[in-house]
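I opened this entry to look up how charged side chains pair in the structure. The notes follow in the order I checked them.

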Amino acid sequence: MKKVYGSASEALDGLLHDGMLIAAGGFGLCGIPELLIDAIVESGVKDLTVASNNAGVDGFGLGKLLDTRQIKKMMSSYVGENKEFMRQYLGGELELEFNPQGTLAERMRAGGAGIPGFYTKTGYGTQIGEGKEVKVFNGEHYILEEGIFADLSIVKAWKADDTGNLVFRKTARNFNPPAAMCGKVCVVEVEEIVERGALDPDHIHLPGIYVHRIIQGQHEKRIEQRTTRKREEA
C-alpha cells in the first residue's frame with residue numbers, strides 16, 4: 001500500500017469535503033501540520049469543524065483557515081494568541097466548543113481507541129458540565145464526555161518510515177499522537193522519511209497502522225512569543 005506522496009495537495013486528494021470534521025495536531029506553533037493546512041486553504045473546502053488545542057496565531061497555521069472563513073466551528077481548549085479567533089468568536093461569526101485541555105486530548109485518544117464516551121471529574125459543577133450526563137463513582141461526581149471521531153486527521157512528525165511509523169520531536173509530541181489516532185484517515189507531514197527498519201522499535205511513538213498518507217517537506221520555524229533580554233555590557 002502506497003503511503004508516501006509527493007505533496008500536501010496530492011496527499012489530501014479525494015479526502016476533503018465541505019462540512020467535515022478535522023482533527024489537527026500541534027500546540028500553539030509547535031508541531032503544527034502547516035503544509036497540510038496550506039493545502040486545505042488552497043482547496044477552498046468550507047464549513048469545517050476543527051478539533052485542535054488552539055488555532056495558532058494570526059496569519060499562520062490554522063489562523064489561515066480562520067482568515068479565509070473556511071472554519072465554521074472550533075473545538076479547542078483556549079483561544080491563544082489568535083486575535084482573529086477571538087474576534088470571530090465574540091462577534092458571533094464562529095462556533096466554539098471549549099474543552100479542558102486534558103479532556104480534549106482524551107476525547108481524541110478515546111476516539112482512536114474506539115471508545116464512544118468516558119467519565120471525568122474535570123468540568124463538573126462548571127459551565128463545561130452543563131447539560132452533560134452525571135454519574136457518581138465512590139462518592140465523586142463525573143460528567144460524560146464523548147470521544148472524537150474525525151473524518152480526517154492532519155499531524156506533524158519529525159521522522160517516519162514508508163510504512164507510517166512515526167517519531168515526534170520533544171514537545172511536538174503533544175496533541176499529535178491522539179489527533180492522529182482519531183481520524184478515519186490520517187495524513188502526516190514529516191521532516192524526514194527514513195528507510196524501513198531504520199527506526200528503533202522502542203523509539204516509535206505512533207505505529208504505522210494509524211497512518212494512511214505521508215509527505216516530506218520544509219517547515220518554517222516560528223516562535224509564538226519571542227522573549228529576549230538586553231545583552232549585558234562588557
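I took a salt bridge to be a side-chain nitrogen of Lys or Arg within 4 Å of a carboxyl oxygen of Asp or Glu. The model is a predicted one. I then noted a network of salt bridges that links R69, E84, R87 and E93. I recorded a count of 13 salt bridges by this rule.

Next I looked at pairs one at a time.

I found K46 in a salt bridge with D18, with 2.8 Å between the closest N and O atoms. K46 sits in the loop between α2 (34–43) and β2 (48–51), and D18 in the loop between α1 (8–12) and β1 (21–24), so this pair links distant parts of the chain, 28 residues apart. I noted K46 as partly exposed at 41% relative accessibility. D18 is also listed as partly exposed, at 42%.

I went on to K64 and D38, whose side chains meet in a salt bridge at 2.8 Å, N to O. K64 is in helix α3 (residues 62–67) and D38 is in helix α2, so the pair ties together parts 26 residues apart in sequence. I have K64 down as partly exposed, with 25% relative accessibility. For D38 the relative accessible area is 24%, which means partly exposed.

Last, I checked D151 and K184, which form a salt bridge at 3.7 Å, N to O. Strand β8 (residues 150–161) holds D151 and strand β10 (residues 183–194) holds K184, so parts 33 residues apart in sequence are tied together. D151 is partly exposed, at 24% relative accessible area, whereas K184 is exposed, at 61%.

Key. Residues are numbered from 1 along each chain as its sequence is written. This is a predicted model: local features need pLDDT of at least 70, side-chain atom pairs count only at pLDDT 80 or more; totals for chains, interfaces and linings use all residues. Side-chain values use heavy atoms; hydrogens and water are left out. Helices (H or I, at least four residues) and strands (E, at least two) are DSSP runs, numbered from the N terminus. Buried means under 20% relative accessible area, exposed over 50%, partly exposed in between (1.4 Å probe, protein chains only).
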